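Hi everyone, thanks for making time for this. I'd like to walk you through a few spots in a structure that may be new to you. Let me put it up on the screen.

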Amino acid sequence: MKIIVEKLKSLPKAMALIVSIIVLFIGLIYYPVGMIMVHRIDDSPTFSADTFEVEGGSHSVAMAIALINREINTDKWVASDPFFYPGSVLVRMPAFQRGIMSSISRLTIELYDHIGRTRGSSQADADLQKALGLLNYSPYVWMFDFSTSWLPTTSSPVQYRSGMEALKSYNKRLSQGKAVFERRADNLIEVLDRLASDLGSSSATLADHIESRSGLSFKISADLFYHTKGRMYGDYLLVREMKKDFADVIKEKELENAWDQLLDSLREGMVLSNFLIINASPDSQFFPNHLATQGFFVLRARTQMREITNILLK
């Protein structure tokens, strides 16, 4: 009996030791190592969509497919990771991925509304309609979305994969002459106007954050910085491919130099990266303001988009 009592007395200490070991493992190994293994921000300006190109298809659509495939299948979509996954602790990678998806979503909207139909009143393309709904899905959904239901639901990566397949189907049909991609100047104006408006919104968000939260708010500033970085990266690659899609219009309007300058601004803004994202006061003598620097390139790219649309209107 005495032995049993002693074992019972020692049980809480043993349990406490086990719990301590588990906590240390999670805090010192599981999350840190897992974050290092998962974390990846690929902002290569030479990223290519060659694998998804189809003869007679759209280069920008192929790039959208390639980006989705990379962020969902090659890398891992971490924005929807639950708390028990290491990716849930990351800030920069999920923000970057969400920014890319925002850019792709914008292209899909313009394809559905304008480029993918002969006129605005003509019938919408079924694949583009499907892709539009799927690629505008919330980036934060895992297996459950308790804001809408307690039942299991479709995750963000699954939705985006289905959207990617819809874009593949559209581009394949386009290559076969069974879908529409109107390479007109008015459509190019619409796309650039919407992209410029999105950049204007990003600029306003940056300005508001700088004014209201200037200081060493690393996490919030990093989230905003990398979301904007992801949007600029997506815009850069899609605009780069649009130069091929709308080559005749660009050549006719002699926009080659203006287009290249736009790409330069997007590229300079998207490659910005720092170990710490500091949002110090813009007139600080000792600390930089990385958001203000990024905002300069955002506004510069937006201005150049407006300049191109003005030339296209003449």
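Before we look around, one term: a residue is called buried when its relative accessible area is under 20%. And please keep in mind that this is a predicted model.

Find helix α6, residues 185–213, and look for His-209 in it. Is His-209 buried or exposed? Its relative accessibility is 6%, so His-209 counts as buried. The side chain of His-209 also has a partner: a polar contact of 3.0 Å links it to the side chain of Ser-221.

Now over to helix α4, which covers residues 126–135. Its buried residues are Asp-127, Leu-128, Ala-131, Leu-132, Leu-134 and Leu-135. What do they pack against? The answer is three helices by name: α2 (59–74), α3 (92–115) and α5 (156–175).

My last stop is a helix pair. The axes of α9 (residues 256–270) and α10 (residues 290–313) come within 8 Å and cross at roughly 160°. Because of that angle, α9 is roughly antiparallel to α10. The crossing of α9 past α10 is left-handed. Who meets whom? On the α9 side, the residues include Trp-259, Leu-262 and Leu-266, and on the α10 side they include Phe-297, Met-305 and Ile-308. Taken together, the residues of this contact between α9 and α10 split into eight nonpolar, four polar and two charged.

That's my tour, and I'm happy to go back to any of these spots.

Note on methods: Residues are numbered from 1 along each chain as its sequence is written. This is a predicted model: local features need pLDDT of at least 70, side-chain atom pairs count only at pLDDT 80 or more; totals for chains, interfaces and linings use all residues. Side-chain values use heavy atoms; hydrogens and water are left out. Axes are lines fitted to C-alpha atoms, for helices over the stretch in contact, and angles run from 0 to 180 degrees between N-to-C directions. Helices (H or I, at least four residues) and strands (E, at least two) are DSSP runs, numbered from the N terminus. Angles under 35 degrees count as roughly parallel, over 145 as roughly antiparallel, 65 to 115 as roughly perpendicular and the rest as oblique. A crossing is left-handed if the near helix is turned anticlockwise from the far one by less than a right angle, and right-handed if clockwise. Contact means heavy atoms within 4.5 Å. Ala, Val, Leu, Ile, Met, Phe, Trp, Tyr, Cys and Pro count as nonpolar, Asp, Glu, Lys and Arg as charged, and the others, Gly among them, as polar. Buried means under 20% relative accessible area, exposed over 50%, partly exposed in between (1.4 Å probe, protein chains only). A polar contact is a pair of N or O atoms within 3.5 Å; within protein, one must be able to donate a hydrogen and the other to accept it, and residues adjacent in sequence count only if both atoms are side-chain atoms.
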